[in-house]
Structures are given as structure tokens and as C-alpha cells.
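Subject: Handover of a structure and notes on its packing

Dear colleague,

Please find below the structure that I am handing over to you.

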Amino acid sequence: MALTERIGKYGKYWGNDYDSSNSLNQYQMEVNATYIHSYLKDKGWTDNAIAGILGNMQHESAINPGRWEGNDVGNGPGYGLVQWTPFTNHTNWASSNFHSDPSTMDANLDHIIYELEHNEQYYPTDDYPETFKEFSKSDKSPYYLACAFAWNYERSAVVLWGTDAEKEALRQLRGNSASNWFTFIGGVTSSSKKKKGYKFILFNKRRRMI
């Protein structure tokens with residue numbers, strides 16, 4: 001199955017099945033970001049933290065839960081929204097936790113929540129000392145939280161072994177993306193409030209390709 005609109009617990013999203021892989025365009029990423037926002041908000045996450053993780057997902061997977069690293073289907077090494085490496089870290093977890101299809105949005109998000117609840121994958125650093133649970137409840141800036149997630153959870157080669165200049169470039173890339181997603185989330189949540197009769201401000205969406 002090629003890239004298609006799929007349905008999960010929180011509505012529609014875009015993704016691949018396990019045997020294919022694609023990037024997403026800006027509109028498709030926004031649909032998926034809206035889904036992720038609904039899911040994580042229901043788990044008690046702040047908009048700041050959701051924007052922080054979206055700023056990373058954008059550059060890890062284009063926010064596609066069925067994305068293989070480099071679109072190298074079956075080989076990875078990374079897979080999913082946050083590019084679990086090796087990919088078996090996610091596929092084995094999914095098969096052991098009642099998810100027959102590891103490519104679904106809910107399998108990906110359920111895995112992240114499992115890691116939060118079991119103190120897995122996310123390890124605080126001196127620069128970003130928050131625990132995963134503290135991260136999820138934080139009201140610090142989306143820019144800061146994107147960097148915290150990159151350093152404490154993703155731990156890419158740049159984070160581990162890069163030069164100061166490379167690390168700063170990574171901070172700016174993911175931090176600025178998180179700030180943009182925070183603006184977008186403002187539009188999503190404000191639209192929701194409008195339907196409920198609340199006063200609201202609808203922020204302009206910044207459309208930006210990865």
C-alpha cells in the first residue's frame with residue numbers, strides 16, 4: 001500500500017503500511033500533527049511539549065508513522081515517527097503490546113507513552129535535566145523542549161559526536177521547527193474552542209517544507 005489517508009483512534013492521518021515508505025508534504029504533516037496533538041493532549045501533555053516533539057518528528061520522519069530511514073524499506077535502520085534504531089526496537093515492542101501493525105499512528109504514539117511510563121529511551125542530560133514526565137508537562141519554550149528531546153531522546157550522531165557548530169545548527173533547526181508547530185497548534189486548539197463557543201485567537205499557520 002502506497003502513502004494513503006488512514007484512520008486511527010483520534011481521526012484521520014497520513015501514512016504508509018509496513019512495506020512502503022514516503023515523505024509527507026506540509027499539508028499531510030499538519031494533518032498528522034493535529035492527530036498527534038489530540039492524542040498527547042489527551043495524555044496530559046502541554047502544547048509546548050507537543051510542539052517540541054513535533055519539531056523533532058518533522059526532521060526524523062516528516063511526521064510519518066510508517067517512515068523507514070532513507071525510505072529503505074525493510075532495512076532502516078531507523079523506523080517510525082521518532083526513527084527507533086534499530087527498527088526492531090519498535091517492531092518487537094509493537095508485536096508484544098497488541099499492535100499487529102507497527103506502522104499505525106497509534107502503535108507509534110502508544111510506544112512513546114510506554115517509554116515515558118517505564119523510564120525508557122529518554123535520559124536527562126546536564127544541559128536538559130528534565131525527566132521525560134517533566135518534559136511532557138513543561139511550559140518551557142517549544143524551542144528549548146525541542147532541543148531537550150533531541151539531546152535526551154533522539155541522541156543523533158551530531159548530538160553525540162558533532163562539533164559545537166553542528167550542534168548549534170541542530171538546535172536552531174529543530175527549535176525553530178518546534179516554534180512553528182507551536183504556532184500551528186495555537187490555530188488547531190483555537191479552532192476547537194470556537195466550535196465550543198469560546199473566545200479565541202486564530203494564529204496564522206506558517207507553511208514550511210522540511
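This is a predicted model: local features need pLDDT of at least 70, side-chain atom pairs count only at pLDDT 80 or more; totals for chains, interfaces and linings use all residues.

Nonpolar core

The largest nonpolar core comprises 44 residues. Those that touch the most other members are Ile36, Trp45, Leu54, Met57, Ile112, Phe132 and Phe135. At least two core residues are supplied by each of strand 2 (11–15), helix 1 (26–42), helix 2 (47–61), helix 4, helix 5 (132–137), helix 6 (142–154) and helix 8 (164–195). Helix 6 provides the largest share, namely eight residues.

Phe135 deserves a separate entry. Leaving aside residues up to four places away in sequence, Phe135 touches Trp45, Ala49, Ile53, Tyr122, Glu130, Leu145, Ala148 and Phe149.

Aromatic residues

Phe135 also belongs to an aromatic cluster, together with Trp45, Tyr122, Phe132, Phe149 and Tyr153. In total, the structure holds 21 aromatic pairs. One of them joins Trp68 and Phe87, whose ring centres are 4.9 Å apart and whose planes stand at 65 degrees; the pair is therefore edge-to-face, the cut-off being over 60 degrees. Trp68 and Phe87 both lie in the loop between helix 2 and helix 3, so their pairing ties together parts that are 19 residues apart in sequence. Both residues, Trp68 and Phe87, are buried.

A further edge-to-face pair is formed by Trp181 and Phe184, with 5.6 Å from centre to centre and 90 degrees between the planes. These two residues sit three residues apart in helix 8, which means that about one helical turn separates Trp181 from Phe184. Trp181 is buried, at a relative accessible area of 3%, and Phe184 likewise counts as buried, at 5% relative accessibility.

Contact of helix 3 with helix 4

The axes of helix 3 (residues 88–96) and helix 4 (residues 105–117) come within 10 Å and cross at roughly 95 degrees. Helix 3 is therefore roughly perpendicular to helix 4, a description that covers angles of 65 to 115 degrees. On the helix 3 side, the contact involves Asn89, His90 and Trp93; on the helix 4 side, it involves Ala107, Asn108, Asp110, His111 and Tyr114. By residue class, the contact divides into three nonpolar, four polar and one charged.

Yours sincerely

Terms used: Residues are numbered from 1 along each chain as its sequence is written. Side-chain values use heavy atoms; hydrogens and water are left out. Axes are lines fitted to C-alpha atoms, for helices over the stretch in contact, and angles run from 0 to 180 degrees between N-to-C directions. Helices (H or I, at least four residues) and strands (E, at least two) are DSSP runs, numbered from the N terminus. Angles under 35 degrees count as roughly parallel, over 145 as roughly antiparallel, 65 to 115 as roughly perpendicular and the rest as oblique. Contact means heavy atoms within 4.5 Å. Ala, Val, Leu, Ile, Met, Phe, Trp, Tyr, Cys and Pro count as nonpolar, Asp, Glu, Lys and Arg as charged, and the others, Gly among them, as polar. A nonpolar core is a set of buried Ala, Val, Leu, Ile, Met, Phe, Trp, Tyr and Cys residues joined through side-chain atoms within 4.5 Å. Buried means under 20% relative accessible area, exposed over 50%, partly exposed in between (1.4 Å probe, protein chains only). Rings of Phe, Tyr and Trp (its six-membered ring) pair if their centres lie within 6.5 Å; planes under 30 degrees apart count as stacked, over 60 as edge-to-face and the rest as tilted.
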